[in-house]
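Dear colleague,

I am handing over the structure below, and after it you will find my notes on what turned up when I went through it. Please read them with the structure open beside you.

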Amino acid sequence: MKVEKMNKSELAEYCIALKIDTKNKTKADLLKLFYQHERMQIDKAINDGECLALLKAKIKKLADEYSKNLNSKIIKRKEEMKADNNSHYLIYSVLGIPSNEGALIDEYQNTGRFLYKYAGSFLEEAATMCMFFSNSTGGKRLVKNTIGTKPKTFEIDFLNDMNAVELKWRDATTDGDHITKEHTRVQVIKDHGYKPVRVMFYYPLREQAIKIQEALKTIYKGVEGEYYAGDDAWDYLKTVSGYDLKAILMEIADNKEKEVLHG
């Protein structure tokens, strides 16, 4: 999982598992040491001609971690739902939805929220990993808001040389304010001398969300940035990193299906 989101004790435990000395280290020190450890692993794999194998192994491990945590969250939520007040099923019945179907709808809605969150975080982290494998100096950056005071900073998912890459698995928002916020973000990034690049792997399906994305595409063009979505996003990542993430994920998915079929 993203090490930046870990608290200090979680990060220290993670580093200890990697045999990194954590004594008298701040969280910033631990993050620096973690990335140095990752870089050494990658550089050695490059020298040994095993870089792709290492990347596949790391993405597979990442997928397993996300899968384990997702399953844990779903199980916990299902247990919590057993104690829920289901008096609202009356309204479901009035609208022609039987109580048993209403229960399934509530269950899928709750578990679906976890799935969408974990799916997005996993894909964005895997894409970041591909870029980090190809660019040892790139990574997450914070830039000061040069236009307003809220927020104080904007986050760049991966600064690849002068390209400020935003990685999104899917943006299905229909909120018109999203356009204003994104316009501010890309202008701030432009003010800092970087090129805003939006990479979104899955395009939304609903008409209003599609309109929002078309507006965002115009915003990126207006600041001489770049916008990639769908197949173009996968192709962009492959071009800039040298790794075909989609092919790697398809291989992992295929192996998981075989594991399920064969017990």
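In this predicted model, K217 forms a salt bridge with E214, and the closest N and O atoms of the pair are 3.8 Å apart. Both residues lie in helix α7, where three residues, about one turn of the helix, separate K217 from E214. K217 is partly exposed, with a relative accessible area of 25%, and E214 likewise counts as partly exposed, at 37% relative accessibility. Elsewhere, salt bridges that share partners join E166, D171, E182, R185 and R198 into one network, and a search of the whole structure finds 23 salt bridges.

Another pair is found in helix α3, where E80 and R77 lie three residues apart, about one turn of the helix, and form a salt bridge whose closest N and O atoms are 3.0 Å apart. E80 is partly exposed, with a relative accessible area of 38%, and R77 also counts as partly exposed, at 24%.

The salt bridge between E224 and K190 has its closest N and O atoms 3.4 Å apart. E224 lies in the loop between α7 (207-222) and β5 (226-229), while K190 belongs to helix α6 (residues 177-191), so the pair ties together parts that are 34 residues apart in sequence. Of these two, E224 counts as exposed, at 58% relative accessibility, whereas K190, at 30%, counts as partly exposed.

Turning to the helices, the axes of α3 (residues 51-81) and α5 (residues 99-134) come within 10 Å and cross at roughly 160°; α3 and α5 are therefore roughly antiparallel to each other. Their crossing is right-handed, and the residues of the contact of α3 with α5 divide into 18 nonpolar, four polar and seven charged.

Some backbone details also deserve a look. Most residues other than glycine have a negative phi, and most peptide bonds are trans. K19, in the loop between α1 (8-17) and α2 (27-48), has a positive phi, near 65°, and is exposed, with a relative accessible area of 79%. N24, which is also found in the loop between α1 and α2, has a positive phi of about 55° although it is not a glycine, and N24 is exposed as well, with a relative accessible area of 71%. Finally, a cis peptide bond, with omega about -10°, joins K150 and P151, and P151 lies in the loop between β1 (139-144) and β2 (153-160).

How values were computed: Residues are numbered from 1 along each chain as its sequence is written. This is a predicted model: local features need pLDDT of at least 70, side-chain atom pairs count only at pLDDT 80 or more; totals for chains, interfaces and linings use all residues. Side-chain values use heavy atoms; hydrogens and water are left out. Axes are lines fitted to C-alpha atoms, for helices over the stretch in contact, and angles run from 0 to 180 degrees between N-to-C directions. Helices (H or I, at least four residues) and strands (E, at least two) are DSSP runs, numbered from the N terminus. Angles under 35 degrees count as roughly parallel, over 145 as roughly antiparallel, 65 to 115 as roughly perpendicular and the rest as oblique. A crossing is left-handed if the near helix is turned anticlockwise from the far one by less than a right angle, and right-handed if clockwise. Ala, Val, Leu, Ile, Met, Phe, Trp, Tyr, Cys and Pro count as nonpolar, Asp, Glu, Lys and Arg as charged, and the others, Gly among them, as polar. Buried means under 20% relative accessible area, exposed over 50%, partly exposed in between (1.4 Å probe, protein chains only). A salt bridge is a side-chain nitrogen of Lys or Arg within 4 Å of a carboxyl oxygen of Asp or Glu.
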